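Please consult the sequence and the model below. The report that follows describes selected features of the fold.

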Amino acid sequence: MVTLFNEGVYLLDGEKIVKDSAGMPSADEARENTITYGILRSHDVDGSKGKKMRIRFDAMMSHDITYVGIIQTARASGLKEFPLPYAMTNCHNSLCAVGGTINEDDHVFGLSAAKKYGGIFVPTNQAVIHQYAREAMCKCGNMILGSDSHTRYGSLGNMGVGEGGGELVKQLLKNTWDINAPEVVLVWLEGTPRKGVGPLDVAISLVKATFENGFVKNKVLEFAGPGVKNLPIDFRNGIEVMTTETTCLSSIWVTDDEVKHYYEMHKRPQDYKELKPGHIAYYDSMITIDLSKQECMIALPYHPSNAVSIHELQANPEKILSAVEADTKKRFGDKVEIDLMSKIQNGKVMADQGIIAGCAGGTYDNLSAAAAILKGKSTGNDYFTASAYPQSVPVYLAATRSGIAEELLEAGVAIKPAFCGPCFGAGDVPSNNGFSIRHTTRNFPNREGSKPGQGQISMVALMDARSIAATAANGGIITAATDIDYTDNHKPYEYDPVVYEKRVYNGYGKADPKAELRYGPNIKDWPKMYAMQDNMLLELAATIHDPVTTTDELIPSGETSSYRSNPLKLSEFALSRRCPEYVGISKRIQKDDLARRAGNVPENVAAALKQVGADAKNTSFGSCLFANKPGDGSAREQAASCQKVLGGDANICYEYATKRYRSNCINWGIMPFTIAPDTKFDYEVGDYVFVPGIRQAVLDGKEEIDAKVITKNGVKDIHLFFQNLTKDERTILTEGCLMNYYASQK
């Protein structure tokens, strides 16, 4: 169904694939004819066709886990008004009962910031972030930067990029997003999906084929081919939003009459234009997807790439679920008791919960298909429960007017307002040992909200809305929607912006400097960050040898996110569900460094420095995290900022899972060290890493350095890399963080 071709190809007139380069223009020349390069070059402030790009975006998106920190950072760096449309949605911390007033305090702050700086404010439960972008912000040929990793709108002709808050701050201060000119991967779609197959089925297959092997990491996916025309817009959007899970940089699609109709329906016909590759376009590699062969899929814990077809699962449930149990034990040890075998009843796997929600699941077409499957049936009154979250009020209105909501409610599905909670652990947390099937974006460890440190474990598997509905109709037995007969006679989606017109505050271009920002008691400024000193002494505060470490493990989502506007409070949760001892160790290291700065060098620091002949006066002391491959998943900058708030000075790894996490580290002054693949890192928490002359090496443009590891068994050599840093990034690192960088320019 999904085939990878790891060689360059040419596409002629958007129709014919040529693998032979004879008689063709050079790869560099023809790559400029991709849709991708047409958009990127038009946003590159340098206006050249070089190997580096400095991008300015057309618009930005944030939600209520990230916008307070972004605005606070930008305000401290000299922000006067928003220079581009900036929409702030309130779809993550919408459960205002959690943490007292602090969530709603942040919402009030957001509205006051929109008034003061000229922003767009979308109140609670009106829309999830990406659906509002689709409905109100996207334009063909434009670029949107979002502080959520699933910022992906390429199916509407608008290239979306998810990054940490620091990159949004740069745009607010009229700086740029700096990248290497990326490789482009052609995603060639053929055929037509069978009835019962949905967008998440295709997306899961794509992620399965590309994630672990890094086939598209930091590249741009460009979707084309005869199969595109066979996909409705919601189907395309559902695939598009999941490209984040492949670790690609961004994605873009050809546009056609279906996209044109979308913009017309949304009262913005002027925002449509045809996008297609030029006469001869070059792609660095290719993926072909035969939609007609797509099966209904299930992505098992703990990643969207851990996927099999539903038919495979039901044919061999013991083997497949025992592998998940073994993985759980490997991750959490004796902290939890898991029993997935109990989910096998009469030879079939049962689910406890079904959720259709968020930017991926709560589309009109998904709800329509689910209602058609469940019409006249029941989710039952046993342990299985089902919920659906329309992704915006316009979608909810349309679902109500067309009878979709009525049919879902009659079947026993609870319908809830637009909210991202089920995707990141702030809503519908399953019971202990519960098995939830969800049409959402992720199923990382603990992402559903369980707390292994307290003996809790529940698990999420990703499935398309159609198969979730089929499962609900079948008494909780996990069922492929292709195995049932149904007819969806609901009318097509009709967009009505009436609620947005009444409730959304659109202040772009109307900044009011006299407006006061409204602060709640939980909204705190960032603590003091120190500039890099000549040398760096690091103490390992955590070592993680898992193949990949997610941002949810670095800073848990869920109710902890209520403290996102209080840097010190939020940092208390850093690595709490993976390495609970990390916070205490980091605080002790930070305390020792403050004593060193005051001239009272702690004995442990003095002893370590003595072994390498270094001076405490010009050698900083900070904590360090080692992980094999950290940073997969969310764009939340808190994964890095919490480390910095606790005195973190560096990370060491073999590679960073995503560009966005590495960028977050840089923007918070955390050195993004890497080591060679053949380097054995068997050092323990409490060992030290001494990096001499690091400040000058960074300023001089060097990309590697010799360092020392100080262990109980003596001093050992280690070689560290810090490659592909821009001049500005090097200055940010030496100044200590992005805020210090801007402060130094005043």
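When neighbours within four places in sequence are left aside, Ile478 is in contact with Ile298, Ile310, Leu313, Gln314, Val349, Met350, Ala351, Phe435, Ile437, Met463 and Thr471; contact here means heavy atoms within 4.5 Å. The model is predicted, so local features need pLDDT of at least 70 and side-chain atom pairs count only at pLDDT 80 or more, whereas totals for chains, interfaces and linings use all residues. Residues are numbered from 1 along each chain as its sequence is written, and side-chain values use heavy atoms, with hydrogens and water left out.

Ile478 and Tyr132 have the most contacts inside the largest nonpolar core, which has 172 residues. A nonpolar core is a set of buried Ala, Val, Leu, Ile, Met, Phe, Trp, Tyr and Cys residues joined through side-chain atoms within 4.5 Å. Buried means under 20% relative accessible area, exposed over 50%, and partly exposed in between (1.4 Å probe, protein chains only). Helix H13 (residues 364-374) contributes the largest share of this core, seven residues. Helices (H or I, at least four residues) and strands (E, at least two) are DSSP runs, numbered from the N terminus. A second, separate core has 39 residues, including Trp526, Leu575, Ala627 and Tyr688.

## Helix H17

Helix H17 (residues 465-473) is mostly covered, with eight of its nine residues buried. The buried residues are Ala465, Arg466, Ser467, Ile468, Ala469, Ala470, Thr471 and Ala472. They pack against helix H7 (199-210), helix H10 (310-315), strand E20 (353-356), H13 and strand E23 (435-439). Gly475, whose phi is positive, near 70°, follows H17.

## Strand pairing

Three strands form an open sheet in the order E3-E2-E14, with antiparallel pairing. Two strands pair if DSSP finds at least two bridges between them. Strand E3 (16-18) and strand E14 (280-283) are the edge strands, and each pairs on one side only. From one strand to the next, the twist averages 30°.

Strand E4 has a covered face, formed by Met53 and Ile55, and an uncovered face, formed by Lys52 and Arg54.

The axes of helix H3 (residues 67-76) and helix H4 (residues 102-117) come within 10 Å and cross at roughly 45°. This angle makes H3 oblique to H4. Axes are lines fitted to C-alpha atoms, for helices over the stretch in contact, and angles run from 0 to 180 degrees between N-to-C directions. Angles under 35 degrees count as roughly parallel, over 145 as roughly antiparallel, 65 to 115 as roughly perpendicular and the rest as oblique. On the H3 side, the contact is made by Tyr67, Val68, Ile71, Gln72 and Arg75, and on the H4 side by Asp106, His107, Phe109, Gly110, Ala113 and Tyr117.

Helix H26 (residues 727-735) and helix H27 (residues 738-745) have axes that come within 7 Å and cross at roughly 100°. H26 is therefore roughly perpendicular to H27. Here Asp728, Thr731, Ile732 and Glu735 of H26 meet Leu738, Asn740, Tyr741 and Ser744 of H27.
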